[in-house]
Amino acid sequence: MRVSFPSRASFFAFTLAVPLAGCVSNASHNAQDVAREQQAARNPDSMMKVGDSARAHGEWSTAAAFYGRAVALRPGQPNYVGPYAEALMHQGRTNEAIEAIHGAEANATSAERVRLALLLAPLLNTAQRSQEAIGVLLPVIQQNPNSAPLRVALGISYEISGDAQGARQSYCDALRIDPANIAAANDLALSEALGGQPQQARTELLALRTQAVERGASAASLSTIDGNLAIVYALEGKLSDARQSARSAALSSEQIQQNMRFYTLLHAAQGVDAASSAAGN
């Protein structure tokens with residue numbers, strides 16, 4: 001007879017229910033075991049460790065539950081809130097993640113404020129609150145003027161808010177601080193492409209990709225460059241090249257197809273904009 005074992009999610013859900021509810025397993029009547037279970041249920045570090053394990057296996061719902069318990073035991077602790085907010089974000093619970101981070105800002109050290117701002121800004125951008133993201137980043141940048149990641153985050157927020165000039169200046173500031181910053185160079189090139197300079201952006205991105213490979217950049221960094229190259233090729237009407245770059249950037253054939261529909265529409269929209277400009281002249 002084939003025995004059916006519970007999934008990892010079911011296991012974590014079971015372990016969450018037992019210690020947090022303070023229940024004693026029927027399999028154990030040992031007072032010391034009961035005491036250890038109850039102590040673990042009140043230990044935020046234990047909760048974080050279980051959350052980390054769930055996160056490592058992609059069990060974001062379970063991770064959020066355990067991280068949330070740790071935060072409830074130690075409210076406003078930035079080192080607990082960061083992972084909790086990330087787990088909430090992966091579940092699409094953007095507003096909850098934003099509120100959790102806000103709750104930790106008062107207790108944060110200078111270094112922790114940087115980490116919280118880098119988490120909070122993309123969440124606010126996702127929630128279409130880019131002006132708030134800018135408002136969060138500017139004072140932290142004033143206190144940490146030599147942080148390239150903060151400048152990149154500010155550039156992205158400016159870009160989303162519609163301030164292309166502010167975005168490019170922020171990316172340039174990041175590159176001045178850290179000339180090898182791949183994210184800044186990558187985002188700057190895409191901003192230039194969307195601003196009407198796709199050929200220049202293509203040259204910069206191809207050079208950046210070569211440099212990234214030589215530096216041993218991560219697969220995620222290379223994938224982001226390839227994704228931007230695909231957009232640039234689409235803007236130039238080179239849909240075959242866009243497809244090739246999309247293959248390197250995408251995780252599945254379905255994603256490639258979705259991206260190609262986007263690139264085709266992007267190219268068509270570019271043609272409409274060009275025609276409108278010519279008619280206006």
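Predicted model: local features only at pLDDT ≥ 70, side-chain atom pairs only at ≥ 80, totals over all residues.
**Entry 1: helix 7 against helix 8**

Helix 7 covers residues 110-126 and helix 8 covers residues 130-143. I looked up their packing angle and found about 165 degrees, with the axes 8 Å apart. Angles over 145 degrees count as roughly antiparallel, so helix 7 and helix 8 are roughly antiparallel to each other. I also noted that helix 7 passes helix 8 in a left-handed crossing.

**Entry 2: who meets whom there**

Next I asked myself which residues of helix 7 meet helix 8. I listed Arg113, Val114, Ala117, Leu120, Ala121, Leu124 and Asn125 from helix 7. Their partners in helix 8 are Ser130, Glu132, Ala133, Val136, Leu137 and Val140. Sorting the residues of this contact, I got nine nonpolar, two polar and two charged.

**Entry 3: helix 6 against helix 7**

Then I turned to helix 6, residues 94-102. Helix 6 packs with helix 7 at an angle of about 150 degrees, and I found their axes 10 Å apart. That angle makes helix 6 roughly antiparallel to helix 7. Here, too, I wrote down a left-handed crossing, with helix 6 passing helix 7.

**Entry 4: the contact list again**

From helix 6, I picked out Thr94, Ala97, Ile98, Ile101 and His102. They meet Leu116, Leu119, Leu120, Leu123, Leu124 and Thr126 in helix 7. How many residues of this contact are nonpolar, polar or charged? I counted eight nonpolar, three polar and no charged.

Notes: Residues numbered from 1 in each chain as written. Heavy atoms only, no water. Axes fitted to C-alpha atoms, helices over the stretch in contact; angles between N-to-C directions. Helix = DSSP H or I, 4+ residues; strand = E, 2+ residues; numbered from the N terminus. Parallel < 35°, antiparallel > 145°, perpendicular 65-115°, else oblique. Left-handed = near helix turned anticlockwise from the far one by under 90°. Contact = heavy atoms within 4.5 Å. Nonpolar A, V, L, I, M, F, W, Y, C, P; charged D, E, K, R; others polar.
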